[in-house]
Amino acid sequence: MALHNDLGRAGERIAKQYLENQGYEILDENWTHGKAEVDLIVYKNGIMIFIEVKSRSSIAFGEPEEFVQKSKQIQMELAANAYIEIMNHQNDIRFDIIAITFTKNKTYNLNHIEDAFWPED
């Protein structure tokens, strides 16, 4: 398996643990609808939250959250709409990003960006 895949999986594990520690209920992981995928779908205080986890080993080319392109946001919205319909969710939703940057000494920095974007019509 490629190193970037290992880094991504490690980031998702860290994000999941962080969210659980913050009191979020994990509803789904790596949920797909067609070509669209949502890394984590969580629930807290009546809000269903769709989360993209971005992990990087360096910020030399930019912060991890800068790599959540408009096309990814649109795909997440499509997946979110399908998930909301399946779950018959009637309350608020939001889209978050969890950006993780690994450091050379085997630690990491985590940045949870709540309400990071809202796909446009």
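**Figure 1. Overall view of the predicted model.** Of the 121 residues in the protein, 38% are buried, in a model that is predicted. The protein holds 2 helices and 5 strands, which follow one another along the sequence in the pattern α-β-β-β-α-β-β. Its radius of gyration is 14 Å, which agrees with the value near 14 Å for a compact globule with 121 residues, and its C-alpha atoms fill a box of roughly 45 × 30 × 25 Å along the principal axes.

**Figure 2. Close-up of the salt bridge between arginine 9 and aspartate 6.** The side chains of these two residues meet at 2.6 Å, N to O. Arginine 9 and aspartate 6 are separated by about one helical turn, because they lie 3 residues apart in helix α1 (residues 3–21). Arginine 9 is partly exposed at 38% relative accessibility, and aspartate 6 is likewise partly exposed, at 33%.

**Figure 3. Close-up of the salt bridge between lysine 16 and glutamate 29.** The closest N and O atoms of lysine 16 and glutamate 29 are 2.8 Å apart. This pair links distant parts of the chain, with lysine 16 in helix α1 and glutamate 29, 13 residues apart from it, in strand β1 (residues 25–33). Lysine 16 counts as partly exposed at 24% relative accessibility, as does glutamate 29 with a relative accessible area of 40%.

Figure 4. Elsewhere, a network of salt bridges links Glu52, Lys54 and Lys72; the structure holds 6 salt bridges.

Conventions
Residues are numbered from 1 along each chain as its sequence is written. This is a predicted model: local features need pLDDT of at least 70, side-chain atom pairs count only at pLDDT 80 or more; totals for chains, interfaces and linings use all residues. Side-chain values use heavy atoms; hydrogens and water are left out. Helices (H or I, at least four residues) and strands (E, at least two) are DSSP runs, numbered from the N terminus. The radius of gyration is taken over C-alpha atoms; the globule rule is 2.2 Å times the number of residues to the power 0.38. Buried means under 20% relative accessible area, exposed over 50%, partly exposed in between (1.4 Å probe, protein chains only). A salt bridge is a side-chain nitrogen of Lys or Arg within 4 Å of a carboxyl oxygen of Asp or Glu.
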